[in-house]
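Colleague: Please take me through this model, starting with the overall picture and then going into particular elements.

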Amino acid sequence: MADELLSFDAVLERFDPVLGLEVHVELSTKSKMWCGCPTEFGNEPNSQVCPVCLGLPGSLPVVNAKAVESAIRIGLSLNCQIARWCRFARKNYFYPDMPKDYQISQYDEPLCFDGEIAVEVGEMAYQVPIERVHMEEDAGKITHIGGVGRIANADYSLLDYNRAGVPLMEIVTKTIHDTGAAAPEVAAGYVALLRDMVRALAVSQGRMERGNLRCDVNVSLMPKGASELGIRSETKNVNSLRAVADAVRYEMRRQGAILSAGGRVVQETRHWNEAGYTTAGRSKETAEDYRYFPEPDLVPLAADPAWVEQLRATLPEHPGKRRARLRTEWGFTQREFGDILAVPGALDTIADTVLAGATPIAARKWWLTELARRANEWGVALDELPITAKQVAEVQALLDTGQINDKLARQVIEGVLAGEGDPAAVVQHRGLTVVSDTGALEVAVDGAIAADP
Ligand SMILES: [Zn+2]
């Protein structure tokens, strides 16, 4: 099916895009949110279940303290307030992926609220306001057999509850305004920053391709000069950074065409298709449909402020701040630094090489040229190459002391990658030193002149 699309430039001439992003982060706790079942991925279906996560009558949930700790650390990293007292809520819905017929979540009393984080796109920084970070549980997995993989035409469906009850954090932004033409990149940049943040905090693996981190993308358009928000669409479970940007761009163009033709955007859930477009899903449920009420099986959560401050003291350096600090320390232009950020893993490998003694310019040069080329050829990430940051710094040290020249340095790197040992060993073994002993040179020159006066 083909939607009518307005060109991106025409959309920007007539409308201001407004974004809202909901990111689900699966935590990497050892046990589930309300029971002691393991969370390990990929085991035999229904081998990690118990009466609690199967929702059997009479079973009662108990909160996972580590998950609460992780949620607070995420909230603090997003500059949120941490609630002194909050409750869990029952979100009622009937679908077999949730055997209790409700999901334990949080509704009007989230654990973390009112945060803010800066997302850099090129030379610009965009403030993304955070509405809330709340805790909930993941659902089980349904596989529909027969038909087109949807429940409607399936012959039968298989249920695996290993994932039911795995801790999930939902991070919700307020509406994000004034991003203009950068809207797709701001959305993707925000998700990338969250991914780097949960990894730095070691609370989640943050791998989008494995579904540890999934994003729902809300987009609406406001006619230029209007003061009221437009009607939004929500594209569910977008699972790569590129798809986040593409989904924003597509929805802007689709809604732009509808509004320009005098139509109305329907508030609905949409699906992202890998081929690069969205399709209509069900009409969006409203909060009333879920009949939220406070979860009667769990006591309220009151995080001790002293504990929260202790957790604040353990936060690693914020990825955004780290980037800004390194750029200043290294003295790179925005563009030179942007080239580093564009290569996955380059920032960390370059930082490690600088720590091992190389100059930032030399470290950047090796990782972004010679080594990026090798990584590309082999189809691996930079940090998966069989050379360490320390070895790269050693190659540079050999260059700086004049023992090898640039051309030989490339051969030394080739030798290290081939498993011939450390740079010094490769130099030795391949006989790669530059002859810079003037005594030896003088003897050779004298000899040449004597032989042919
Ligand atoms: Zn269980």
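**Overall make-up and selected elements**

Modeller: The secondary structure of this protein consists of 15 helices and 14 strands. Keep in mind that the model is predicted.

Colleague: What share of the 453 residues counts as buried?

Modeller: The C-alpha trace spans about 100 × 55 × 50 Å along its principal axes. Contacts with a separation of 6 or more are 69% between residues 24 or more positions apart. Of the 453 residues, the share that counts as buried is 36%.

Colleague: How many of the 18 residues of H3 are buried?

Modeller: Helix H3 takes in residues 183–200 and reaches 26 Å from its first C-alpha to its last, close to the 26 Å expected at 1.5 Å a residue. After H3 comes Ala 202, with a positive phi near 55 degrees. H3 is mostly covered, and its count of buried residues is 14.

Colleague: Are H9 and H12 parallel or oblique to each other?

Modeller: The axes of H9 (residues 346–355) and H12 (residues 389–400) come within 8 Å and cross at roughly 55 degrees. Angles under 35 degrees would count as roughly parallel, and 65 to 115 as roughly perpendicular. The two helices are therefore oblique.

Colleague: Is Leu 158 buried or exposed?

Modeller: Leu 158 lies in strand E8, residues 156–160. Within 10 Å it has 12 other C-beta atoms. A residue with 12 or fewer counts as exposed, so Leu 158 is exposed.

Colleague: What distance separates the C-alpha atoms of Leu 158 and Val 354?

Modeller: Leaving aside neighbours within four places in sequence, Leu 158 is in contact with Thr 143 and Ile 145. Val 354 is 196 residues from Leu 158 along the chain. Their C-alpha atoms are separated by 52 Å.

Terms used:
Residues are numbered from 1 along each chain as its sequence is written. This is a predicted model: local features need pLDDT of at least 70, side-chain atom pairs count only at pLDDT 80 or more; totals for chains, interfaces and linings use all residues. Helices (H or I, at least four residues) and strands (E, at least two) are DSSP runs, numbered from the N terminus. A residue is buried if 20 or more other C-beta atoms lie within 10 Å of its own, exposed if 12 or fewer, and partly exposed in between; C-beta atoms are placed from the backbone. Two residues are in contact if their C-beta atoms, placed from the backbone, lie within 7 Å. The expected span of a helix is 1.5 Å times one less than its number of residues. Axes are lines fitted to C-alpha atoms, for helices over the stretch in contact, and angles run from 0 to 180 degrees between N-to-C directions. Angles under 35 degrees count as roughly parallel, over 145 as roughly antiparallel, 65 to 115 as roughly perpendicular and the rest as oblique.
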